[in-house]
Amino acid sequence: MTEKSFQDLPLGDKHLREDVISSEDIYGGIFLKMKRDKVSLPDGEVAIREYLTHPGAVAIVAILDDGRVLLERQFRYPINKACIEIPAGKLEIGENHLLCAQRELEEETGYTAKKWSYIRRIHPVISYSTEFIDIYLAEGLVPGPSHLDDEEFLDVFAAPLEQLIVWVEEGEITDVKTTISAYWLDRYCRGLAEPSPLN
């Protein structure tokens, strides 16, 4: 049997949608909230959906003048491991996304950037969270002092893209925003991808 192609699928998503019947808050933390919704399925049946609401975040692919990528190593409590990641941070309510990226880069690494571009939005955990991450490209970096939050501890370092790819391939890097950014940057360096310029 030959599987159909994307072009063979029905137009739109009405036949897949789930509609909210009722919604309740079941947990509220410092910035994560858990909700439980009763939904109507496409076949008319009813199901329960639990998910976390998240204010969203930004991440930065910051490139030094020598071509190396600016990285951080930070302990991530939920998986009990120090992880290698690109700089990132969560949005404050109503905060401009680019300004958040600029703030996070400077606070965490001390660097500011002369040129900013937009790469893309990703949804890292679509099955149980509203979280999105807007990824930016920062070039023309200028060093300066970092301003870490009181409860924030991290190492800042730089590595060539080739090493970044090796860490992803070997499973040393498992963070999704860093993995996606590494492959995007590889395509960008080979002229196969372009960021969107910001006015």
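I began with His54, whose side chain reaches the backbone nitrogen of Gly56 at 2.8 Å. This is a predicted model, and I read every distance below as computed from it.

I placed His54 next. His54 sits in the loop between β3 (46–53) and β4. Is His54 buried or exposed? I found His54 buried, because its relative accessible area is 14% and the cut-off for buried is under 20%. I then listed its contacts, leaving out residues up to four places away in sequence. His54 touches Phe31, Leu32, Lys90, Ser129, Thr130 and Glu131.

I looked up the record. The UniProt entry, which is unreviewed, carries the annotation "domain: Nudix hydrolase" over residues 52–181. I checked the make-up of that stretch. Residues 52–181 are 22% helix and 39% strand. The end C-alpha atoms of the stretch lie 24 Å apart.

I moved on to helix α1, residues 97–109. I tested its length. With 13 residues at 1.5 Å a residue, α1 should span 18 Å. Its end C-alpha atoms are 18 Å apart, so the two agree.

I looked at both ends of α1. At the start, a side-chain oxygen of Asn96 comes to within 3.0 Å of the backbone nitrogen of Leu98. After α1 comes Gly110, with a positive phi near 90 degrees.

Which residues of α1 are buried? I noted Cys100, Ala101, Glu104, Leu105, Glu107, Glu108 and Thr109.

Key: Residues numbered from 1 in each chain as written. Predicted model: local features only at pLDDT ≥ 70, side-chain atom pairs only at ≥ 80, totals over all residues. Heavy atoms only, no water. Helix = DSSP H or I, 4+ residues; strand = E, 2+ residues; numbered from the N terminus. Expected span 1.5 Å × (residues − 1). Buried < 20%, exposed > 50% of the residue type's maximum accessible area, 1.4 Å probe, protein only. Polar contact = N/O pair within 3.5 Å; in protein donor to acceptor, adjacent residues only side chain to side chain. UniProt positions renumbered as here; feature names shortened; annotations may be inferred. Contact = heavy atoms within 4.5 Å.
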